[in-house]
Amino acid sequence: MSNVSPGGPPMAASPLTRAVLEIDEYASGLGWDQPARLFALVDTAQLRTQEPGLAAQLGLDDGDAAAPLTPVEQDEIPSGTPLDEFLGTIAWPDAVAGCALTVERLMLPPSAETSVPEGLDEAGLAEWVAAHPDRQEVRMTVAVLRDGARESALRLREKDSPTEVLTGADLVPGLADALSATFEA
């Protein structure tokens, strides 16, 4: 994955916001209907010093132009494994400053909550949401740092444009909590 292009996030954005938007842009380039993807966030300067070969492979040997945090995509998340169970198996080495996850989900507007049929199991609820006329497909990118900092980016499939990406620290708190827990081992 390349670093932020001239059309990327504003240089004034925090390093974590820049990393989240870089991952969102990368995921957008892959298209929709993709599996969840996990990234380690590493300190770019430290990566250059400790792993110069990897830094060069990632295009990070070009001086100060690189972003402070470099997302490094991890191995594919095993299909069929619930995300919360998978995240519970992760322990990061000390060199990893943070982590991020990008995942697609279906969302309903709050007004739809009153019409959810009672007694549905998880599979039944998923089917009901998938068939709902007001459903929205969304890609969520959530990142956390060891120090507790959080950032998220949300992109709706129907408004799939870099100018339509919503960012904020608390947009997906449950997922941010699960990612933070990977540093508590």
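User: At what relative accessibility does Arg-157 stand, and how does Arg-157 count?

Analyst: Arg-157 has a relative accessibility of 31%, so Arg-157 counts as partly exposed. This is a predicted model, in which local features need pLDDT of at least 70 and side-chain atom pairs count only at pLDDT 80 or more, while totals for chains, interfaces and linings use all residues. Residues are numbered from 1 along each chain as its sequence is written, and side-chain values use heavy atoms, with hydrogens and water left out.

User: How many helices and strands does the protein chain have, and in what order do the elements run?

Analyst: Helices (H or I, at least four residues) and strands (E, at least two) are DSSP runs, numbered from the N terminus. In the protein chain there are 6 helices and 6 strands. Their order from the N terminus is α-β-α-α-β-α-β-α-β-β-β-α. Of the 185 residues, 38% count as buried.

User: How many salt bridges does a search of the whole structure find, and which residue does Arg-157 meet at 3.1 Å?

Analyst: A salt bridge requires a side-chain nitrogen of Lys or Arg within 4 Å of a carboxyl oxygen of Asp or Glu. The search of the whole structure returns 6 of them. In one, Arg-157 pairs with Asp-33 at an N to O distance of 3.1 Å. This pair links distant parts of the chain, 124 residues apart: Arg-157 is in the loop between β5 (150–156) and β6 (166–168), and Asp-33 is in the loop between α1 (15–30) and β1 (37–43). Asp-33 counts as exposed, at 55% relative accessibility.

User: Which residue forms a salt bridge with Arg-157 at 2.8 Å?

Analyst: Glu-137 does, with 2.8 Å between the closest N and O atoms. Glu-137 has a relative accessible area of 30% and is partly exposed.

User: With which residue does Arg-150 form a salt bridge?

Analyst: The partner of Arg-150 is Asp-177, and their closest N and O atoms are 2.5 Å apart. Here too distant parts of the chain are linked: Arg-150 is in strand β5 and Asp-177 in helix α6 (residues 173–181), 27 residues apart. Arg-150 is partly exposed at 24% relative accessibility, and Asp-177 is partly exposed at 43%.

User: Which residues gather in a patch of negative charge on the surface?

Analyst: Patches are made of residues with over 30% relative accessible area and no salt bridge; like charges are joined within 9 Å, and nonpolar side chains (Val, Leu, Ile, Met, Phe, Trp, Tyr) within 5 Å. Lys and Arg count as positive and Asp and Glu as negative, leaving out His and the chain ends. A charge is placed at NZ of Lys, CZ of Arg, CG of Asp or CD of Glu. The negative patch consists of Asp-84, Glu-85, Asp-121, Glu-122 and Glu-127. At least two of its residues come from each of α4 (83–87) and α5 (122–131). Glu-85, in helix α4, counts as exposed at 52% relative accessibility.

User: Which residues form the nonpolar patch on the surface?

Analyst: Accessible areas come from the Shrake-Rupley method with a 1.4 Å probe, and for residues only the protein chains shown count as cover. Val-116, Leu-120 and Leu-125 make up the nonpolar patch, and together they have about 200 Å² of accessible area. Leu-125 is placed in helix α5 and counts as partly exposed at 35% relative accessibility.

User: Which side chain does Thr-70 join in a polar contact?

Analyst: A polar contact is a pair of N or O atoms within 3.5 Å; within protein, one must be able to donate a hydrogen and the other to accept it, and residues adjacent in sequence count only if both atoms are side-chain atoms. The side chains of Thr-70 and Thr-44 are joined in this way at 2.6 Å. Thr-70 is in strand β2 (residues 69–73) and is buried, with a relative accessible area of 4%.

User: How far apart are the C-alpha atoms of Leu-47 and Ala-95?

Analyst: Sequence separation and C-alpha distance are read side by side. Leu-47 and Ala-95 are 48 residues apart along the chain, and their C-alpha atoms are separated by 8.6 Å. Leu-47, in helix α2 (residues 44–50), counts as buried at 9% relative accessibility.

Key: Buried means under 20% relative accessible area, exposed over 50%, partly exposed in between (1.4 Å probe, protein chains only).
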